[in-house]
Amino acid sequence: MIALDVSNSMLAEDLSPNRLEQAKRAIYQLIENLHNDRLGIIVFAGQSYVQLPITTDYSSAKLFLETIGTDIIPTQGTAIGSAIDLAMESFDFENGTSKAIIVITDGENHEDDAQSAAKNATAKNVSVHTIGMGAVQGAPIPIYKNGSQVGFRTDNTGNTIITKLDEKMLRDIASAGNGSYVRATNANAGLKIIMDEINKMDKKEFGSKSIKDYEDRFQLFLIAALILIVLEYFIPNRKSSKLDKINLFDTK
């Protein structure tokens with residue numbers, strides 16, 4: 001399960017083109033390279049929602065990914081613990097497959113006890129990994145209208161908001177979740193590094209499907225019918241002279 005932060009701070013442009021788009025591109029590349037692994041996506045800000053239930057339908061995953069934006073959740077904040085708990089509820093623990101949670105966030109405005117949620121996950125053999133989006137020194141959050149930047153977000157006193165990556169908190173969550181922390185850069189969003197760690201986990205087959213593909217044979221009959229139609233066109237519509245002498249319905 002991937003838990004993706006969609007709070008307004010993810011619009012900061014210290015990663016190109018911004019934190020959220022960089023994360024979405026990395027997830028898209030991850031989907032492109034998946035084989036038989038199941039994937040789900042949770043979006044969170046002040047609240048958490050399942051955007052994509054766990055599936056192997058990678059085409060649907062890409063479509064759902066395209067619809068993700070900061071306006072998808074009205075409540076602002078960074079409820080990482082809630083996102084981890086929701087990811088745990090999304091897992092099917094009866095199939096016995098290995099499970100992992102990847103939290104992608106800048107960690108700002110952290111609201112709940114994410115470390116406890118990560119510890120609870122490890123108690124059920126689920127590892128929790130974190131990827132930090134943004135720069136430690138921070139960046140302002142731009143405001144766009146009609147494709148043009150018109151300014152930056154400000155607080156109640158009119159000062160420009162500077163959103164900063166909280167690396168310590170994300171390291172603590174990963175440590176509590178028996179996982180890894182990676183800081184994203186423009187060159188490497190970190191998902192590949194995390195997936196390399198996840199791929200070291202024991203994998204189990206969760207099912208197989210057999211599909212029968214039938215080959216159509218109707219073309220042979222269609223060709224035969226067309227030949228008969230063409231032949232009928234060339235047959236003269238003239239009766240035989242002998243047949244003309246026969247009158248089955250002649251009465252005396």
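# Exercises on a predicted model

Glutamine 149 has its place in strand E8 (residues 148–152); strands (E, at least two residues) and helices (H or I, at least four) are DSSP runs, numbered from the N terminus. The model is predicted, so local features need pLDDT of at least 70 and side-chain atom pairs count only at pLDDT 80 or more, while totals for chains, interfaces and linings use all residues. Residues are numbered from 1 along each chain as its sequence is written, and side-chain values use heavy atoms, with hydrogens and water left out.

**Exercise 1.** Describe the surroundings of glutamine 149.

Step 1. Buried means under 20% relative accessible area, exposed over 50%, and partly exposed in between (1.4 Å probe, protein chains only). Glutamine 149 has a relative accessible area of 37%, so glutamine 149 is partly exposed.

Step 2. Contact means heavy atoms within 4.5 Å. With neighbours within four places in sequence left aside, glutamine 149 is in contact with Pro142, Ile143 and Tyr144.

**Exercise 2.** State whether serine 59 is buried or exposed, and where its place is.

Step 1. Serine 59 belongs to helix H2 (residues 58–66).

Step 2. The relative accessible area of serine 59 is 53%, so serine 59 is exposed.

Step 3. The C-alpha atom of serine 59 is separated by 9.4 Å from that of glutamate 32, 27 residues apart along the chain.

**Exercise 3.** Work out the order of the six-stranded open sheet and its edges.

Step 1. The strand order is E3-E2-E1-E4-E5-E10, with mixed pairing; two strands pair if DSSP finds at least two bridges between them.

Step 2. Strand E3 (48–55) and strand E10 (181–183) each pair on one side only, which makes them the edge strands.

Step 3. Neighbouring strands of this sheet are turned by 15° against each other on average, direction ignored. Axes are lines fitted to C-alpha atoms, for helices over the stretch in contact, and angles run from 0 to 180 degrees between N-to-C directions.

Step 4. Strand E2 (residues 39–44) and E3 run antiparallel and are joined by five bridges. Phenylalanine 44 stands opposite serine 48 in E3.

Step 5. Helix H5 (residues 167–176) lies across E4, E5 and E10, at about 165° to E5.

**Exercise 4.** Find which residues of helix H6 (residues 191–198) are buried, and what they pack against.

Step 1. The buried residues of H6 are Leu191, Ile194, Met195 and Ile198.

Step 2. These residues are on the same side of H6, because they cover an arc of only 100° around the axis; the arc is that of the directions from the helix axis to the C-beta atoms.

Step 3. The buried residues of H6 pack against helix H1 (19–32), E4, E5 and E10.
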